[in-house]
Amino acid sequence: MNFLETIFFAILLILGFGYFTSNVKKIIRNIKLGKEVNRSDNAAARWKNMAMIALGQSKMVKRPMAGLLHIVVYVGFVIINLELLEIIIDGLFRTHRVFSFMGSCYSFLIGSFEVLALLVLVAVIVFWTRRNIIRLKRFISKDLDGSPKKDANTILYFEMVLMSLFLLMNASDFWLQQAGVSHYIQAGSFPISHFITPIFNGMNESAVMMLERTFWWLHIIGILCFLNYLYFSKHLHILLAFPNTFYADLNPKGQFDNLESVTKEVKLMMDPNADPFAAQPVDENAVPSKFGASDVMDLNWVQLLNAYTCTECGRCTSSCPANQTGKKLSPRKIMMDTRDRLEEVGRNIDKNKGVFIPDNISLLNNYITAEELWACTSCNACVEECPVNISPLSIIMDMRRFLVMEQSAAPQSLNAMMTNIENNGAPWQYNQMDRLNWKDEQ
């Protein structure tokens, strides 16, 4: 690599990692648009969650085939990209296989990388087949029509190309090592790529050197492109699964949070020394309280982190009893819609120099309909199934709260039930004096 190539390589790295950093900042800013919620309690349980679920993939293997294949791709892709450090050093300092001084340890690492690369290729081909040929039901939903389907396939193509380039780069390097060409020192073990080297037989050394450099450049460019594509892809979960599992709700499933404003009212009513008619102090600078959520800014920041972390795997939707019975609800769509709306709000802020200008659009109605929200049985199946601890149910419940408490827009049957509870102390319409009549029927 000559000096001009080194300069070009440095510029490429700066642009690649710089653009990635700017996108990470946008994600953080968008997540911070959500309301504050305290998730700093029980640190030991949170670290355990992250280790078991994000790193250990414990929930993925509940579906063994998909889980094991995902572990292969995840572990293989992450470990193989450790060689990115060597590529960067070689590119900046014009060296070649700078870590070769590690001897047998280096050979073991390169050999392991190659085996993993082959396993990743096999797993990705199986994933592609399941999506596009077998067409599993959870991958052909209307939720995934258009760009989501293209995104899933694009990621698979990326991984196929990157693993192939890695093996071709090693194969051409190994051929040059065997030919004793200048700086291609004997280093590394190539249990997979040595089967590829015969394709270079009959070529002259300069042609193979050019191919090796081409594979090297395409590999590093591909990695940088993949890194920056993550922002536009469902594969943000590669990075966000760790904080998402750490900040997940540790309360028992089915336990809902109480609205602070409602809690204050109830405590006031139950305090025998309080005067419920006394004027309460008013903070003129306070933002008017809003019950529930109608847009992404009404959700808390963990819910917005959930939206960015969604893998679009469809496990939540395939386990949803409402969806299975033909209802419009899809928990996956709830998360995808929340992320799409959040991105729309982010673009609005970018366009208006850091300030959100109301656009007469909201998450409720424009993205998610009341029909979808009321179809939910609040059974927590979606929360239980999610491999990265996302809670679509929490968003559904907050939006229901808005419909009921802000718009009085609950279904007629639910309004009747709540009226009965208020008037009769029970969901059924009969006099309170008759509540215990059932005991006489025994």
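Helices here are DSSP runs of H or I with at least four residues, numbered from the N terminus.

Keep in mind that this is a predicted model, where local features need pLDDT of at least 70, side-chain atom pairs count only at pLDDT 80 or more, and totals for chains, interfaces and linings use all residues. Residues are numbered from 1 along each chain as its sequence is written, and side-chain values use heavy atoms, with hydrogens and water left out.

Back to the cavities. There are six of 30 Å³ or more, a cavity being a set of points on a 1 Å grid over the protein atoms alone where a 1.4 Å probe fits but cannot get out. Lining means having an atom within 4 Å of a point. Elements giving two or more residues are α2 (43–55), α3 (64–80), α5 (104–132), α6 (147–179) and α8 (237–246).

Now, confidence. The chain's average pLDDT, on a scale from 0 to 100, is 90, and 96% of the residues score at least 70.

Last stop, helix α1 (residues 3–31), where Ile 7 lies. Ile 7 is partly exposed, at 39% relative accessible area; that label covers what falls between buried, under 20%, and exposed, over 50%, with a 1.4 Å probe and protein chains only.

How values were computed:
pLDDT = per-residue confidence, 0-100. 1 Å grid on protein atoms, 1.4 Å probe; cavity = no way out; pocket = protein on both sides within 12 Å on 5 of 7 lines; lining within 4 Å. Points joined across faces, edges and corners; volume = space filled by probe spheres on them.
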